[in-house]
Amino acid sequence: MARVALVTGGTRGIGAAISRALKAAGYTVVANYGGNDEAAWKFKAETGIPVYKFDVSDHTACEAGIRTIESEFGPIDILVNNAGITRDGMFHRMTFDQWSIVLRTNLDSMFTCTRPVIEGMRERGFGRIILISSINGQKGQMGQTNYSAAKAGVIGFAKALALENANKGVTVNVIAPGYIATEMVQAVPEEVLKTKVLPLIPVGRLGEAEEIARSVLFLAGEDAGFVTGSTLTVNGGQYMT
Ligand code: NDP
């Protein structure tokens, strides 16, 4: 039977590419999303991938959503914690709401989405947990103290969780994308992209969501069992760790 994969924020951008790639590789894929019903239904119609709306920053909603998914499709063996948001602003002008929603969506979600699946993975002796961080969690970014803090936190979380589960067949790895052509990056003004972002990327272009998806496929595989606690940077050479 095909293994079941849950991709949070799996209906748009990088997450949608991950969902599609996992499905094409034969996994049973379920995509979560936060609130954009129109995009989710369009994605579902195009791909046939079932979509489930729940807020990854809400622990109770995640527990309920994941239980429903598991009752319908079977235990989740592959979890891709991808959902994320930005609310940029210089720290000296940042509101607590800007801080808090980014920390809750990008970092609390590591708890809320992973906690309901980890015990089952340990019991079954197999699990692949793949977390989407960011180059800006590795190097910091002006205007993104909230986002950089959350995304750096993801890397610490992965290392600790990898240690706890290494002898149970459960791997935990991070992918840290650089600038990828999605709506999140299209929100950056074109002039800023051209003059400030592209010159920093040695490969000379933005990344494609499919390039992140291919990294997920590798980490999700049966034969990637010796890779755990690692951070795979996929950023066109912009920042080397
Ligand atoms: P998009 O904005 O294109 O898509 C975000 C997805 O996450 C959507 O499916 C959205 O659902 C979902 N989402 C947002 N908030 C919630 C929530 N509270 N609960 C459930 N789902 C939610 O983002 P990207 O594809 O660009 O980014 C995906 C991940 O990659 C993020 O973690 C981001 O930080 C990271 N990343 C992106 C980079 C880039 O260059 N694009 C670079 C580095 C990292 P809905 O459609 O309902 O809003």
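A residue is taken as buried if 20 or more other C-beta atoms lie within 10 Å of its own, with C-beta atoms placed from the backbone. The model is predicted, and the points below concern helix α1, residue Gly10 and a region recorded in UniProt.

**Helix α1**
- Helix α1 comprises twelve residues, 13-24.
- At 1.5 Å a residue, α1 should span 16 Å, and its end C-alpha atoms are 17 Å apart, which agrees.
- Ten of the twelve residues of α1 are buried, so that the helix is mostly covered.
- The buried residues of α1 are Gly13, Ile14, Gly15, Ala16, Ala17, Ile18, Ser19, Arg20, Ala21 and Leu22.
- After α1 comes Gly26, which has a positive phi, near 105°.

- Gly10 lies in the loop that runs between β1 (4-7) and α1.
- Gly10 counts as buried because it has 30 C-beta neighbours inside 10 Å, against a cut-off of 20 or more.
- Leaving aside residues up to four places away in sequence, Gly10 touches Gly15, Ala16, Ile18 and Ser19, together with Ala31, Asn32, Tyr33 and Asn82.
- Gly10 and Thr182 are 172 residues apart along the chain, and their C-alpha atoms are separated by 13 Å.

**Annotated region**
- An unreviewed UniProt entry lists residues 3-183 as "domain: Ketoreductase".
- Residues 3-183 are 52% helix and 18% strand, and the end C-alpha atoms of this span lie 30 Å apart.

Key
Residues numbered from 1 in each chain as written. Predicted model: local features only at pLDDT ≥ 70, side-chain atom pairs only at ≥ 80, totals over all residues. Helix = DSSP H or I, 4+ residues; strand = E, 2+ residues; numbered from the N terminus. Expected span 1.5 Å × (residues − 1). Contact = placed C-beta atoms within 7 Å. UniProt positions renumbered as here; feature names shortened; annotations may be inferred.
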